[in-house]
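The report below is meant to be read with the sequence and the coordinates side by side.

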Amino acid sequence: MYMRTDICCRPMIRMSFRLTPLRFLILLCAVLPRLLIASLHRSPLRISLDPARHAYVRSVLPIGQQSLTSCRKRRFHAPVMHLPVKDTIITHTNRSVRRSERITARQYMRMKNDRMILLLVIFQIVVSFPCTIGKAQADAGDYAIVVSANASPAERYAAETLQDYLNLLNHSDYEIITDDQPFDGFAFCIGATSVYDTSDDIKNKPADSYIIAPFSGGLAIFGAGGRGTLYGVHTFLEDFCGFKCYAWYPVMVMTSDKMVLPKEKIEYEPFFEYRNTDWRSGWMPIYSAAHKLNGELQSYTPEQGGNIPYLGGSRCHTLSTVFCPSDTYFETHPEYFALHDGRRVPGQLCLTNDRVYEIVLEEVFGILKAEHDPEADLQIISLSQADNPYYCECERCKATDDANGSHSGSLITFVNRIAAAVSEKGYHNVAFDTLAYTYTRKAPSLIKPEANVIVRLCTFECCFSHALDDTGCRINRELAEDLKAWSGICGRIYIWDYTTNYAYTLGIFPDFSTLQKNMQFFHKHGVRGVYEEGNYYVDRCDTEFGELRTYMIAELLEDPYCDYDAKMLEFCTNYYGKGGGYIKEIIDELTAGTRGHLGIYSRMGDTFSIDDEKAEKIDRLWAMAESAANGSDASLEAIERSKLSWRYVKAVLGLREFSGSLEENRDARERFYNDLIAHDVRMIDEWTWIEDDFSAYEMIPVE
Ligand SMILES: [Zn+2]
Ligand SMILES: [Zn+2]
């Protein structure tokens, strides 16, 4: 179960409510009786309004001896279920046993034996009944979470997740019962149950699809594959209960104090079957589940539905290291390895050598025997080239490559052979991944990948300031052509994409204007999986807009056609505080200040076109964001951390306080260095430790 320390109860509700004459009348009718009840008992009221729907009163809660003011201030601690009025739940302090009990209004009235209350409540039911939501609720006597008596561990986990958060939201104690127990109340049916079986709806849907279906007896949440039901629960928690997931800590925040039930059926099918990133937040199972990330880097337990793993422990450059290792075979069998420039080299395999095929196949079956899970949605084995250009030029390899017009010819032929042999043995949930990378990036003209072969195309050489479909960018034009060619012959293309600058990680990588366009480009060309490689050493260089990136990437993987700007603004406002809009403005300014092409090793001077005047404007926006944070420690910390990257950009480009000679800007450098240390930033880029190359603040590189 979740650690409660991961949950932040920081209230961030934003309400807007327009009082029309009709609403006022309804409100008056609904509130008056309760005011009278309360006055009789000298107890304060708790009144909740749902701004998104008609105004109505959900519950009246006499709470001890608190004043109305304090009660309102603590509205986040109210049980605020949308209960039918006749069964309004009252929290009552039973003084004889010194604990709170939850009883219905009728029980409360009986207990008080007060006829006046009875009359008033009946009147209140009459006037406010039309304002309660949902037919199901009107008939519900109680609430429970229902799972099948034969529920899978993943379905049980999904039910427990719902229970945990609903209890937190409503301060209630929802019970999980099985569908063989009698129950005539409002049922949250989680997974396949006999109460509301959605198996027909979900049949033939791909893994990770889910359905959220209101029905006369409650609400059913059901998904396909191991994780689908859990994903459905998280969508319900996010969209209808206000549990949002913005960052790695606190991983879940409450942005609402109430649950609103959906009226219409919701159906979701994933745009991509494989959704992966190595930015830090995605390392956390709760974050991954909330954002539907499912790759091998997301550490789901089997009870949570498992991830999509790479079997054999390695996900790239495997052929000459894992399956036919040069350490083991090169000395005795150099013919297993590539003939390049007239001599055998250990860097790549000779893929048309039959003995190599047998060795690799044997190794694959060994891995399957040890690690294969027949219940998993998908498991992947990587059969991929090493990270060097020494492809085999022997007679047979060359003939295959020449016939296909690409070195991918011999590679796909080899991987197809292995994939077909494994498929024949009945391993239908296993796929083989290979790379379309450097010398194999171009699609073959004859051979087509088998259905269980994944071709992973890398955007390593691409430009990220221009979209992939920007025909004006000569760098991207080639990759776009390659992708189109692969999508013509391969039904399972995955993308290995990049979202940071590995030579200047501490700086800013202004790719925010192309993230969505590229994700849509992938989807439109039949891509079925995306891995967004980022700053995987973020625990040593946690600056820039890392949390924002993870959030936007996750949102785009979930839906490439989402409202990108609105999502970004929502994130900024919730993560950076009330001045989040200024942070978005800064990002827009930096993006607009980008010049030329942008690679993942681009120098800062080649990346930005920013003069002192523009830098001053951006500085002003940071100051406004800080001021709007209004003293919130969490917001200020988030702003300060991200601002380190902007300060680094200024330092490298010699802007503002970093202008002039080393002597003149010594103070600014010293302050910056000390702030990096204070924020535990220990690396500048993928390889350089601050302690090694950055220890003297004079050494901040100036281009
Ligand atoms: Zn060869
Ligand atoms: Zn470009």
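This is a predicted model: local features need pLDDT of at least 70, side-chain atom pairs count only at pLDDT 80 or more; totals for chains, interfaces and linings use all residues.

Residues are numbered from 1 along each chain as its sequence is written, while chains are lettered from A and ligands numbered from 1 in the order in which they are written.

**The chain as a whole**

The chain holds 24 helices and 19 strands, where helices (H or I, at least four residues) and strands (E, at least two) are DSSP runs numbered from the N terminus. Of its 703 residues, 47% are buried; a residue is buried if 20 or more other C-beta atoms lie within 10 Å of its own, exposed if 12 or fewer, and partly exposed in between, with C-beta atoms placed from the backbone. Among the contacts in the chain with a separation of 6 or more, 68% join residues 24 or more positions apart, two residues being in contact if their C-beta atoms, placed from the backbone, lie within 7 Å.

**The mixed sheet**

Six strands form an open sheet of mixed pairing, in the order β5-β4-β6-β8-β7-β11; two strands pair if DSSP finds at least two bridges between them. The edges are taken by β5 (175-178) and β11 (266-268), each with a single partner strand, so one side of each is left without a neighbour in the sheet. From one strand to the next the twist averages 20°, with axes taken as lines fitted to C-alpha atoms, for helices over the stretch in contact, and angles running from 0 to 180 degrees between N-to-C directions. Within this sheet, β7 (residues 210-215) and β8 (residues 218-223) pair in the antiparallel sense over six bridges, and isoleucine 212 stands opposite isoleucine 221 in β8.

Helix α6 packs on the sheet, where it touches β4 (143-147), β5 and β6 (186-190), and its direction makes about 165° with that of β4. Helix α8, in turn, lies across β6, β7, β8 and β11 and runs at about 135° to β8.

**Two helix pairs**

Two packed helices are described by the angle between their axes and the distance between the axes. The table sets out these values for two pairs.

| Helix pair | Angle between axes | Axis distance |
|---|---|---|
| α6 (residues 153-170) and α8 (residues 228-241) | about 15° | 8 Å |
| α21 (residues 612-628) and α22 (residues 633-653) | roughly 170° | within 10 Å |

The angle makes α6 roughly parallel to α8, since angles under 35 degrees count as roughly parallel, over 145 as roughly antiparallel, 65 to 115 as roughly perpendicular and the rest as oblique. The residues that make the contact include Tyr157, Leu162 and Tyr165 of α6 together with Leu230, Val233 and Leu237 of α8. By class, the contact of α6 with α8 has ten nonpolar, two polar and one charged residues, where Ala, Val, Leu, Ile, Met, Phe, Trp, Tyr, Cys and Pro count as nonpolar, Asp, Glu, Lys and Arg as charged, and the others, Gly among them, as polar.

Helices α21 and α22, by contrast, are roughly antiparallel to each other. Their contact includes Ile618 and Trp622 of α21 and Ile639 and Trp646 of α22, and its residues divide into seven nonpolar, no polar and three charged.

**The parallel sheet**

Another open sheet of six strands has the order β12-β19-β18-β17-β16-β15, with parallel pairing. Here β12 (274-277) and β15 (379-382) stand at the edges with a single partner strand each, so one side of each is left without a neighbour in the sheet. The twist averages 25° from one strand to the next. Strand β12 pairs with β19 (residues 527-533) in the parallel sense over four bridges, and threonine 277 stands opposite glutamate 532 in β19.

Helix α14 (residues 408-424) packs on this sheet, touching β16 (430-436) and β17, and its direction makes about 175° with that of β16. Helix α15 (residues 474-489) also packs on the sheet, touching β16, β17 and β18 (493-498), with a direction at about 175° to that of β17.

**Leucine 457**

Leucine 457 lies in strand β17 (residues 453-458) and counts as buried because it has 25 C-beta neighbours inside 10 Å. Leaving aside neighbours within four places in sequence, leucine 457 is in contact with residues including Ala436, Leu483, Trp486 and Ile495.
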